[in-house]
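Reader: Hey, I'd like to go through this model with you. Can you walk me through what stands out?
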Amino acid sequence: MSDSEQTPPLTAPAHVAGIDREAFRRAVDDDFETVIDQLTELVAIPGIAWDSFDQEPLERSAKAVAALIEAEGFDSVEIHAADGSESHPAILARREAAEGRPTVLLYAHHDVQPPGELSAWTTPPFEAQQRDGRLWGRGAADDKAGVLAHVAAVRVLRRILGEDHGLGITMFIEGEEEAGSPHFAEFLARHSSALAADAIVIADSANWQVGVPTLTTSLRGVVGAIVEVSGVDHTLHSGGYGGPVLDGPTLLSRLIATLHDDDGAVAVEGLQRHEGAESGEQLHYDEQQFRADAGVLPDVRLAGRGSLTSRLWTQPAISITGFDATAVDVASNTIAPSARAKISLRIAPGQDPKEAARALVSHLESHAPFGARVEVEIEETGPAFATDTSAPPAQEMLWALGAAWGRPSVEMGMGGSIPFTADLQAMYPEAAILVTGIEDPDTRAHGIDESLHLEDYRRAILAEALWLAARAASSGS
C-alpha cells in the first residue's frame, strides 16, 4: 500500500488537545513487560468452549481474567454463565460514570480455538514464547491479547488521569465466541441495562499490515451449513456395482463443484456482491503481498473477479471446512452410499443472512447430481456489519490510532464475521461500535503457530488508552 492510499491525516478533535500523549506512551512502555507476563499466563490456560472439550480450563480462564480486572478499580466484577445455568463463563465488570459523563463498553473474549495437531506447532501452543518480535501461542492474539489490551489501557488511564477521570467503563469478556456465541443474544437481553454504553470497542480484528493502524468498518455475515448427499441406501462392492452407481464422495464432489464458476467466483444465485467502486474501498491489496500473506503456492491461480479487497470484504465466499467420507486408512473396495460436508458461506454487508441461507439451500437442492438425495441443515446464520466513522467516538479512535502509530490510520473491511455486532447495533442503535485490531496478516488466528506482533500490540494498547482519555475529556456525544 502506497502513502497516497492512506486515509488523509485527521484534524484532532479539539477536546484532545490537553492529553499528554508522551505521558501515556511512557506509562504503556513501563507496563508492557507486565502485560506480556500476564498474557503469557492466560495463554497457558486452554479454555475451549466446545462441548467436546473439558470445561474446567474455561472456568479457570474466567477466574484469571476476573482477577486481572478486579485489580483495576471497577465497582463490580462478576462471572456469569453464558446461559444462566451452565458453563461458558463470561466476565461483566462495571465502573459507573460521573454525572453527565459517557460510558464505554470494552469487549473481548477469553476462550480460544482448539490447537489442532500439536506436533505441527513449532512450540507448544499453550506455552507462550517470544521470538522474532512476536509472541507465539494459542490465544496469544485471538483474543487474549484483546482482553489484556483492555485491562492495560484502563490501568494506564488510571495512572495518568487518576481515579476521578469520570469515564464510565464496562468490560464484557465473553467465554464462548469461538463456539459461535450461541448465548450472546440471550446474555445481551438479560444484561441490557448493564451493558448499555455510548461507544463500544470490540478488540478482535486485525490491522491492514504490520505498522499500519486500522479501524475495521465492515464485516461479512456468515451462514454455516451441513450438506449430505446419498446415492444408494447401503454399501456396495465397487467391482460388482461400480460404473452405473456413483459413490457418495463423488456425488458430493460434483455438487460442491457447482458452488463456483470457472473463475472461482461464487455461483449461487441470490447472493449479493459489491464490486469495485461500489464497495467504497480505498485500499489496494497487492497480489504478490496477498499471496505471501496467505501462503498461496506458486502455480495456484487466485479465484474470483474484481479487486482483491472486494473479493475479501464485499463479495460472498464459500469454503468447505469439513468433509466426512470413508477414511483412507480403513477403506475397502466398496462404494460409500453417502458423504457429507460442512459449508462456510460468508455474505456481503447488506444481505439478510436468512435470505442467503435460503439461496444456498435452493442451489444445493436444485443441483443434485444424477438425482441423488441432498439433505441440507443450516447450523448458523450471522448478519454482516458496517459502521459510520463520522461519529465523535470513531473520530477520536482514528485520532488515537494515528497518534499511537505515528501515521494516519486506515479504514478497512474484514472478510471474517463477528455476528453479534448486529445484536449490539440493534440493542444500542445510538452507540458507536468500533472494531479494532490486535492481529496482522501473519497472525494465523485459528491456525497452527498463532502469534502476536509485539510492537504493534504495544501501540494498540497506547491507542486504546488515548481513546479512553479522549472519551473522558469529551462531552459524551
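Predicted model: local features only at pLDDT ≥ 70, side-chain atom pairs only at ≥ 80, totals over all residues.

Reader: How are the axes and angles defined here?
Author: Axes are lines fitted to C-alpha atoms, for helices over the stretch in contact, and angles run from 0 to 180 degrees between N-to-C directions. The helices themselves are DSSP runs of H or I with at least four residues, strands are E runs of at least two, and both are numbered from the N terminus.

Reader: Which residues make the contact?
Author: On the α3 side they are A145, L148, A149, H150, A152, A153, V154, V156, L157 and L161, and on the α13 side Y457, I461, E464, A465, L468, A469 and A472. Contact means heavy atoms within 4.5 Å. By class that contact has 15 nonpolar, one polar and one charged residues. Here Ala, Val, Leu, Ile, Met, Phe, Trp, Tyr, Cys and Pro count as nonpolar, Asp, Glu, Lys and Arg as charged, and the others, Gly among them, as polar.

Reader: Which helix comes within 10 Å of α3, axis to axis?
Author: That's α2, residues 56–70; its axis and that of α3 (residues 144–161) come within 10 Å and cross at roughly 20°. That angle makes α2 roughly parallel to α3. α2 also passes α3 in a right-handed crossing. S61, V65, L68 and I69 of α2 meet K144, V147, L148 and V151 of α3, and these residues divide into six nonpolar, one polar and one charged.

Reader: D31 next. Is it buried or exposed?
Author: D31 is buried, with a relative accessible area of 4% (buried is under 20%, exposed over 50%, partly exposed in between, using a 1.4 Å probe and protein chains only). D31 lies in helix α1, residues 21–43. Leaving aside neighbours within four places in sequence, D31 is in contact with A152, R155 and R159.

Reader: Changing topic: where's the cis peptide bond?
Author: From D142 to D143, with omega near 0°. D143 lies in the loop between β5 (134–136) and α3.

Reader: Which residues have a positive phi without being glycine?
Author: S181 is one of them, with phi of about 50°, and D449 is another, with phi near 60°. Most residues other than glycine have a negative phi, and most peptide bonds are trans. S181 is found in the loop between β6 (168–174) and α4 (184–190), and S181 counts as buried at 12% relative accessibility. D449 sits in the loop between β17 (432–439) and β18 (451–453), and D449 is buried too, with a relative accessible area of 9%.

Reader: What about Q209, what does it touch?
Author: Beyond its neighbours within four places in sequence, Q209 is in contact with Y285, Q289, D293, P441 and D456. Q209 is in the loop between β7 (199–206) and β8 (214–219), and is buried at 18% relative accessible area.

Reader: Last one, the whole chain. How many helices and strands?
Author: There are 13 helices and 18 strands. The radius of gyration is 24 Å, close to the 23 Å that the globule rule gives for 477 residues, so the chain is as compact as a globular protein of that length. That radius is taken over C-alpha atoms, and the rule is 2.2 Å times the number of residues to the power 0.38. Buried residues make up 52% of the 477.

Note on methods. Residues numbered from 1 in each chain as written. Heavy atoms only, no water. Parallel < 35°, antiparallel > 145°, perpendicular 65-115°, else oblique. Left-handed = near helix turned anticlockwise from the far one by under 90°.
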